[in-house]
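Hello,

My notes on its side-chain links follow below.

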Amino acid sequence: MRIRRILAAVIATAALAGLGLTGAATATAGSVSSVTPGECTDGGGMIDRSTPVLPTCRGGMYDGQTVD
């Protein structure tokens, strides 16, 4: 009986920790709004300087993000 309670607590803790890591990864991935010129080119894109306000990365992994 005691082992079952301990096992249930361990499983519940692992499940909650997994949810926390998933939320943190999602928040981190969504917060990137601009990239460096090196990140743009390393990701397979080209820097488009013809945009009116800021240069934009075109193509590759960071397509559409601003370059600063």
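**Salt bridge**

The count of salt bridges comes to 1. Keep in mind that this is a predicted model. The partners are Arg58 and Asp48, whose side chains meet at 3.3 Å, N to O. That sits inside the 4 Å limit, so the pair qualifies as a salt bridge.

Where are the two residues? Arg58 belongs to strand S3 (residues 56-58) and Asp48 to strand S2 (residues 46-48), so the contact ties together parts that are 10 residues apart in sequence.

Next, accessibility. Arg58 has a relative accessible area of 39%, which makes Arg58 partly exposed. Asp48 is partly exposed too, at 22% relative accessibility. The cut-off for buried is under 20%, so Asp48 at 22% does not count as buried.

**Disulfide**

How many disulfides does a search of the whole structure find? It finds 1. Cys40 and Cys57 are joined, with an S to S distance of 2.1 Å. The torsion about their S-S bond is about 90°, so this disulfide is right-handed. Cys40 lies in helix H2 (residues 37-42) and Cys57 in strand S3, so the link ties together parts that are 17 residues apart in sequence.

Are these two cysteines buried or exposed? Both Cys40 and Cys57 are buried.

**In brief**

Arg58 is partly exposed, whereas Cys57 is buried.

Best wishes

Key:
Residues numbered from 1 in each chain as written. Predicted model: local features only at pLDDT ≥ 70, side-chain atom pairs only at ≥ 80, totals over all residues. Heavy atoms only, no water. Helix = DSSP H or I, 4+ residues; strand = E, 2+ residues; numbered from the N terminus. Buried < 20%, exposed > 50% of the residue type's maximum accessible area, 1.4 Å probe, protein only. Disulfide = S-S within 2.5 Å.
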